[in-house]
Amino acid sequence: MNLLFFKYIIAVIIFFNITFINAQSTPTVFLIGDSTCSNYTASVYPRKGWGMEISSYFDNTIIKFNNCALSGRSSKTFYDGGSWNPVINAIKTGDFLIIQFGHNDEKTTDPYTTYQEYLTKYIDEARAKGAYPILATSIYRNYWKNGIMIDSHGDYPPAMRALAIQKNVPLIDTTILTKTLFESLGQPYTTNNIFLNLVAGAYTNYPNGVSDNTHLQENGAIKVSGLIANELSKLSQSYSYLSIFSSASLGNSDFDNKKIDLEVLNEQITICSTMMIDQLIIFDLSGRIIFNNNQLFNKIEINTLSWCRGVYCAKIVISGKNNFHKFILLK
């Protein structure tokens, strides 16, 4: 009896020790930045930062995300105000740090001096802890002229690009990525479905509506985080230590370089592809399957009249490869 009890205790100790080691070895991606990335409460829904959605593009048993971005912060005020301290204290060897500042820096820093100096502090201190820094330029604001987006960030994105080369840090050029995406979607769609421009009565949190061309609504956060998730996977081709993003990816967030198109319009979803689609499954955020088609097709139109308003995920299988896309249904 004593021997059996002793073996049981040893087995329990080994089990919990393995569990603890696995938990400790799962790397975390820390996000620092401003209000375009930060978390928000339900009281301001559908306003969201892209950092709230990024984890949904990856297997979180392989890699975790911790969104530490804060509204109103610049590279200087995040550091000098003490917001950086809990982040650097939590970072451990093998973790990642995505740094995205710029929207508020024109008030507090100069692009090629203090801005680069504060970015360098984050880079060097993260590396000193054995973590891997990644720089990300700011997303575009919703400013247009004759169908072309107008830059509002000045020298801040170029200053970050220059520093990335100087410090040999991977760069996600979100400025260029979002400009390309938004212009492909067009000004009306981008204004009304990406940025926080809401008509009166559409959302209980905004009874009088709101006009905001800097911050994202939920659909915008989903699309911008998808751009960043896809870029993280691509960067593994140039930086071997970023290969975990490729292996943890749940699918190609930009639909395999536009071979697949998904359009949500009125009460219908249209999905088409240049390749034959083996299977299509659409489910809501609770995991409940809403639509399932196992027959081969390259174009399908789905009536959503009976669907509830909310966020959905489409799983599209082509040649055995899973492609995931989150979209929002507005009714």
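Me: Which residue in strand 13 stands opposite isoleucine 282?
Reply: The model is predicted: local features need pLDDT of at least 70, side-chain atom pairs count only at pLDDT 80 or more, and totals for chains, interfaces and linings use all residues. Residues are numbered from 1 along each chain as its sequence is written, and side-chain values use heavy atoms, with hydrogens and water left out. Strands (E, at least two residues) and helices (H or I, at least four) are DSSP runs numbered from the N terminus. In strand 13, the residue opposite isoleucine 282 is phenylalanine 291.

Me: Over how many bridges do strand 12 and strand 13 pair?
Reply: Two strands count as paired if DSSP finds at least two bridges between them. Strand 12 and strand 13 (residues 289–293) run in the antiparallel sense, and their number of bridges is 4.

Me: What is the phi of glycine 287, in the turn of the hairpin formed by strand 12 and strand 13?
Reply: The hairpin of strand 12 and strand 13 has 4 residues between its strands. Glycine 287 lies in this turn, and its phi is positive, at about 95°.

Me: Which residue in strand 15 stands opposite isoleucine 282?
Reply: Strand 12 (residues 279–284) also pairs with strand 15 (residues 310–318), in the antiparallel sense and over 6 bridges. Here leucine 280 stands opposite isoleucine 316. Isoleucine 282, in turn, faces alanine 314.

Me: Why are helix 6 and helix 8 described as oblique to each other?
Reply: Two packed helices are described by the angle between their axes and the distance between the axes. Angles under 35 degrees count as roughly parallel, over 145 as roughly antiparallel, 65 to 115 as roughly perpendicular and the rest as oblique. Helix 6 and helix 8 are therefore oblique. The axes of helix 6 (residues 174–185) and helix 8 (residues 218–235) come within 10 Å, with a crossing angle of roughly 130°.

Me: How many nonpolar residues does the contact of helix 6 with helix 8 have?
Reply: The contact (heavy atoms within 4.5 Å) involves residues including Leu177 and Phe182 of helix 6 and Val224 and Leu227 of helix 8. Ala, Val, Leu, Ile, Met, Phe, Trp, Tyr, Cys and Pro count as nonpolar, Asp, Glu, Lys and Arg as charged, and the others, Gly among them, as polar. The contact has 2 charged and 2 polar residues, and its nonpolar residues number 7.

Me: At roughly what angle do the axes of helix 4 and helix 5 cross?
Reply: Helix 4 and helix 5 are also oblique to each other. The axes of helix 4 (residues 111–128) and helix 5 (residues 156–167) come within 10 Å, and their crossing angle is roughly 40°.

Me: Which residue in strand 4 is the bridge partner of isoleucine 98?
Reply: An open sheet of 5 strands has the order 2-1-3-4-7, with parallel pairing. Within it, 4 bridges join strand 3 (residues 96–100) to strand 4 (residues 132–136). The partner of isoleucine 98 is isoleucine 134.

Me: How far apart in sequence are the parts tied together by tyrosine 45 and tyrosine 203?
Reply: Rings of Phe, Tyr and Trp (its six-membered ring) pair if their centres lie within 6.5 Å, with planes under 30 degrees apart counted as stacked, over 60 as edge-to-face and the rest as tilted. A search of the whole structure finds 17 aromatic pairs. In one of them, tyrosine 45 and tyrosine 203 have ring centres 6.0 Å apart and planes at 70°, so the pair is edge-to-face. Tyrosine 45 lies in the loop between strand 1 (28–33) and strand 2 (64–67) and tyrosine 203 in the loop between strand 8 (195–198) and strand 9 (210–216), so the separation is 158 residues.

Definitions and conventions:
Axes fitted to C-alpha atoms, helices over the stretch in contact; angles between N-to-C directions.
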